[in-house]
Amino acid sequence: MPSDTRPDQTAQRTDVVIVGAGPVGLFAVFECGMLGIKCHVVDALETLGGQCSALYPEKPIYDIPGYPRIDAATLVERLAAQAAPFHPAYHLNQRVERVARRDGRWLVETSAGARLDAAAVIVAAGAGAFGPNRPPLPGIERYEGRGVHYLVRRADEFRGKRVVIAGGGDSAVDWALALVDVAARVSVVHRRAKFRAAPESVRKLEALAAAGRLDLVVPYQLARLEGDGASLAAVVVATLDGEERRLPADALLPFFGLAADLGPIAQWGLNLARNQIVVDPATCATNVPGLFAIGDIASYPGKLKLILSGFAEAAQAAHAIHPLVFPGAALHFEYSTMKGVPQA
Ligand SMILES: Cc1cc2nc3c(=O)[nH]c(=O)nc-3n(C[C@H](O)[C@H](O)[C@H](O)COP(=O)(O)OP(=O)(O)OC[C@H]3O[C@@H](n4cnc5c(N)ncnc54)[C@H](O)[C@@H]3O)c2cc1C
């Protein structure tokens, strides 16, 4: 791991950087806040909530203490509200790329250029940073952000454009329905005729295709892109037998789900066991002093990958970090009922 002792004027100073804004990272903001520790939180996703938001926002969870049943998205909202009185700074849509020891503290650098200077780092990174599953098309990266988009922020960006949507799940079908009245033409490419989306949405999609309002290009898969490297001209699709079709296009929206990638974390000198970080369960400290790990990414004997285990680990880590943030200060254990919380 690199070490650097130069003074750094540009980094934002805080007490703790939390890598990952999943449920456990969010609760760590609260636990740190209760001990007077300020946090910055970085996540590769553009929303809070980790797996709860990315994989199952509408599913009910039944094993959060005190909630007989709570939708994953609602749990995330509640956790964000619980963290809010401690004013965390969120850096979303960017990955933590590097952590380096600097003058006894940590310098954390993100893919968007944020530089954060902290006494400790809590890695609450789940299974790793979420990112889109990219179709294996030669040269696709040249068009990403200008023609190829894995996320739609505003439907209006595609007004009057010829849009090719690839995929057979809810995102592909929902965006086809949303863009049909906005885009000049929508084509939906899927490797088979059956879609894995909500039945009502699939019925609407098929009705629009039958009415000639959009094209269902099935059973085809993406084969290659055509364009001058700056703007897209066409998407070429092919059947398994190799029969090709050329779809003139201004935009390609591939919706093949999200994949988690441990990515840079594997380079931080941490003891890893099967893609998890080995920690001391009493403190959640890793083998690298000042780096802690909690939630799904933390490993110790008997570890259960449950949100409630991660919540307890957040409390352990916050207490273990207190002396790093406030050297020499006594930490008296107190219940939240005694301390209360600041007003949001
Ligand atoms: C379908 C499904 C149902 C589930 N049901 C339940 C249930 O009923 N009860 C239960 O307790 N658990 C359930 N789980 C498991 C639960 O979701 C996880 O235990 C929980 O999300 C772990 O939280 P976390 O904060 O540790 O990690 P995550 O939720 O995985 O969040 C980690 C975050 O870190 C970010 N990240 C990683 N690396 C970086 C980096 N380098 N830079 C920036 N950001 C990074 C990721 O983008 C991600 O947002 C379920 C999981 C699934 C998939």
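The side chains of H40 and H91 are joined by a polar contact of 2.8 Å; the term stands for a pair of N or O atoms within 3.5 Å, where within protein one must be able to donate a hydrogen and the other to accept it, and residues adjacent in sequence count only if both atoms are side-chain atoms. H40 belongs to strand 4, residues 39–42. With a relative accessible area of 9%, H40 is buried (under 20% relative accessible area, 1.4 Å probe, protein chains only).

A word on what you are looking at: this is a predicted model, in which local features need pLDDT of at least 70, side-chain atom pairs count only at pLDDT 80 or more, and totals for chains, interfaces and linings use all residues. Residues are numbered from 1 along each chain as its sequence is written, and side-chain values use heavy atoms, with hydrogens and water left out.

Now to the ligand. It is surrounded by 32 residues, the closest being D43, Y56, V96, D296 and I307. By class, this shell has 18 nonpolar, nine polar (Gly counts here) and five charged residues (Asp, Glu, Lys and Arg). Helix 1 (23–34) gives the largest share, three residues.

Which polar atoms face the ligand's oxygen and nitrogen atoms? A polar side-chain atom of D43 is 2.7 Å from a ligand oxygen, while an N or O atom in the side chain of D63 is 2.9 Å from a ligand nitrogen. The backbone takes part in the list too: a polar backbone atom of F130 lies 3.1 Å from a ligand oxygen.

Terms used
A residue is near a molecule or strand if one of its heavy atoms lies within 4 Å of it. Helices (H or I, at least four residues) and strands (E, at least two) are DSSP runs, numbered from the N terminus. Buried means under 20% relative accessible area, exposed over 50%, partly exposed in between (1.4 Å probe, protein chains only).
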